[in-house]
Amino acid sequence: MNQATLALSRFHKRAIVLVVFTTAALLISINWRIAQFEQLLQDGQVVRFALAPVDPRSIMQGDYMALEYAIAQEVRAALPEGMTQGQLLLTLDSQKVAHFVGIYRDQPKAAEQLTVDFRLRNHRVKLASNSFFFEEGQADHFSQAKYGEFRVNARGELLLVSLLDEQLQPL
């Protein structure tokens, strides 16, 4: 072997080590995030948001329901100019349906209150997800959805679990 071949060989070894390390780091971070979601599904507090109907279909993505939340109008009205993300202060009724109290700004909160993360995108209030994907041909079934059921952790991170009918039964 000449020197050029050895140099190339070292380059390839370093490239392989870099690819293996990057792949391992990526897989570890993805699995860490999946484990966090699994823990949220298992231990998170149940929160239900009333839905406001919107178009349940996307040509590019297949069948899904675009979600709009009934509290969105109250949230938009309470948002200070330029605020695009933060936390909402909510209370839950006996059915665990969320009711908007205000924008959370580190003020003391009552024991029955909780906070959840939100973002404002294109003038729409986004809570975890603004869409729910389902099997093609199920649009009529899911168009009956009146509530979105989420799990929330202590940090206010939400995870959409299912859609519910008006009797709060899973669809």
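Predicted model: local features only at pLDDT ≥ 70, side-chain atom pairs only at ≥ 80, totals over all residues.
User: What does R33 pair with in a salt bridge?

Analyst: In general, side chains of opposite charge can pair when their charged atoms come close. The rule used here is a side-chain nitrogen of Lys or Arg within 4 Å of a carboxyl oxygen of Asp or Glu. R33 pairs with E157, at 2.4 Å from N to O. R33 sits in helix α1 and E157 in the loop between β10 and β11, so this bridge ties together parts that are 124 residues apart in sequence. Helices (H or I, at least four residues) and strands (E, at least two) are DSSP runs, numbered from the N terminus.

User: Which other residue has a salt bridge to E157?

Analyst: That would be R155, with an N to O distance of 3.1 Å. R155 counts as exposed, at 55% relative accessibility. Through shared partners, R33, R155 and E157 end up in one network.

User: How many salt bridges are there by this rule?

Analyst: The count comes to five. Another of them joins R76 and E68, whose closest N and O atoms are 3.5 Å apart. R76 is partly exposed at 32%, while E68 is buried at 11%.

User: On to rings. How do I read an aromatic pair?

Analyst: You describe a pair of aromatic rings by the distance of the centres and the angle of the planes. Here, rings of Phe, Tyr and Trp (its six-membered ring) pair if their centres lie within 6.5 Å; planes under 30 degrees apart are stacked, over 60 edge-to-face, and the rest tilted. That gives five aromatic pairs. Take Y69 and F150: the centres are 6.0 Å apart and the planes at 55°, so this pair is tilted. Y69 belongs to strand β4 (residues 68-69) and F150 to strand β10, so the pair ties together parts that are 81 residues apart in sequence. Y69 and F150 are both buried.

User: Which kind of pair do F134 and F142 form?

Analyst: A stacked one, with 4.8 Å between centres and 25° between planes. F134 and F142 are buried as well.

User: Which residues do ring pairs link into a cluster?

Analyst: F49, Y69 and F150. F49 is also in contact (heavy atoms within 4.5 Å) with residues including L90, V116, L127 and L158, leaving aside neighbours within four places in sequence.

User: Which residues have the most contacts inside the largest nonpolar core?

Analyst: A nonpolar core is a set of buried Ala, Val, Leu, Ile, Met, Phe, Trp, Tyr and Cys residues joined through side-chain atoms within 4.5 Å. The largest one has 30 residues, and F49, L88 and L90 have the most contacts inside it. Among the elements giving two or more residues are β1 (45-52), α2 (72-78) and β5 (85-92). Strand β7 provides the largest share, four residues.

User: Where does T115 lie, and which residues does T115 touch?

Analyst: T115 lies in strand β7 (residues 113-121) and is buried, with a relative accessible area of 6%. Residues touched by T115 include L88, Y104 and V152, not counting those up to four places away in sequence.

User: Last one: what is the phi of K96, and where does K96 lie?

Analyst: K96 has a positive phi of about 65° although K96 is not a glycine, and this residue lies in the loop between β5 and β6. H123 also has a positive phi, near 65°, and lies in the loop between β7 and β8 (124-126). K96 is partly exposed at 40%, and H123 is exposed at 66%.

Notes: Residues numbered from 1 in each chain as written. Heavy atoms only, no water. Buried < 20%, exposed > 50% of the residue type's maximum accessible area, 1.4 Å probe, protein only. Contact = heavy atoms within 4.5 Å.
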